[in-house]
Amino acid sequence: QQQQQQQQQQFTPLNRLEDANPERIHGIQVNPDSLGSSILPGNLIYKTYKWTGNTRKIPVELAKGYFWMVSDLKKTNQKPTLSNEKLIPEQDAQEFPTLTGLNTLMDPGTKIDLPWYFLDPDQTGKVRGNITLLAITFRDNGFKLIPTWTEPFEQAFQDGPASSRVKAFKLSITEHWVLYPLRGLLTRVMKNNTPLDEQSKTLVYFGSKQVDEFRDVLRMHNIMTSYVFLLDDLGRVRFAGSGEASQKEVNNLIRFTKELLLES
């Protein structure tokens, strides 16, 4: 009887993500209609079996099918992460997660690490960095959405004293291990297709070793779209969004950046 009670307790459905990653960034608003709101670290999800009533953690693809991300985008109107309506408070803000071994298209031979590259890109020993907008994509369809965020953002701060303190970067992540040996060729192709003035602001990363944790912390569970993060001058996440930017989202992003300039 005791063994039966233990089994029943083991498979009791959980009402909240009790074993979710404590490093997940506070303030990132996962769309409640997105499957991402239920995803656990390791890209797992709870599944309750109808015939036995048992609940187990299994891979998302096994529970929802390989194409769950496409369906998820339809349910969320391409917005698996909802944009913040106000800045994440300074006292709640957390540092952008670590990702090492990236390259810029301008200098593919030099390795850079995040978030330290945003804090001191010229290695001058500065304690505080720039206000940084980082747009992240994993697939071509997501990459096409990035300009809806970055172009109006850069235009808003291209002139005046703030121009030297506000930066925008794009990060392309390629997880497929079969493409890792071709990373040099793929980087050259990307460089040839990227305007010269954008190459120093375009970062690339190949591999999957660090990416699972990186994605989970930033709640980027659906990789079929793009994500944006606004970092303050201490490298803390103060705003997040996804998909194609609306005019309201762009206006908020610019307003939040001005608030961070006054705050720093």
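Ala, Val, Leu, Ile, Met, Phe, Trp, Tyr, Cys and Pro count as nonpolar, Asp, Glu, Lys and Arg as charged, and the others, Gly among them, as polar. By class, the lining of the largest pocket holds 7 nonpolar, 5 polar and 6 charged residues. The model is predicted: local features need pLDDT of at least 70, side-chain atom pairs count only at pLDDT 80 or more, and totals for chains, interfaces and linings use all residues. Residues are numbered from 1 along each chain as its sequence is written, and side-chain values use heavy atoms, with hydrogens and water left out.

Pockets and cavities were found on a 1 Å grid over the protein atoms alone. A pocket is an open set of points with protein on both sides within 12 Å along at least five of seven lines. A cavity is a set of points where a 1.4 Å probe fits but cannot get out. Lining residues have an atom within 4 Å of a point. Grid points are joined across faces, edges and corners, and a volume is the space filled by probe spheres set on the points.

Helices (H or I, at least four residues) and strands (E, at least two) are DSSP runs, numbered from the N terminus.

The count comes to 1 cavity of 30 Å³ or more. The largest cavity holds about 40 Å³. Its lining consists of V30, S34, G36, P80, T81, R219, H221, N222 and Y227. These divide into 3 nonpolar, 5 polar and 1 charged.

Helices α6 (residues 147-156) and α10 (residues 247-263) come within 10 Å, and their axes cross at roughly 45 degrees. Axes are lines fitted to C-alpha atoms, for helices over the stretch in contact, and angles run from 0 to 180 degrees between N-to-C directions. That makes α6 oblique to α10 (under 35 degrees is roughly parallel, over 145 roughly antiparallel, 65 to 115 roughly perpendicular, and the rest oblique). Contact means heavy atoms within 4.5 Å. T148, W149, P152, F153 and A156 of α6 meet E249, V250, L253, I254 and T257 of α10.

Two backbone features lie in loops. The peptide bond from L114 to P115 is cis, with omega near 5 degrees. P115 sits between β6 (112-114) and α4 (116-119). Q78 has phi near 70 degrees.
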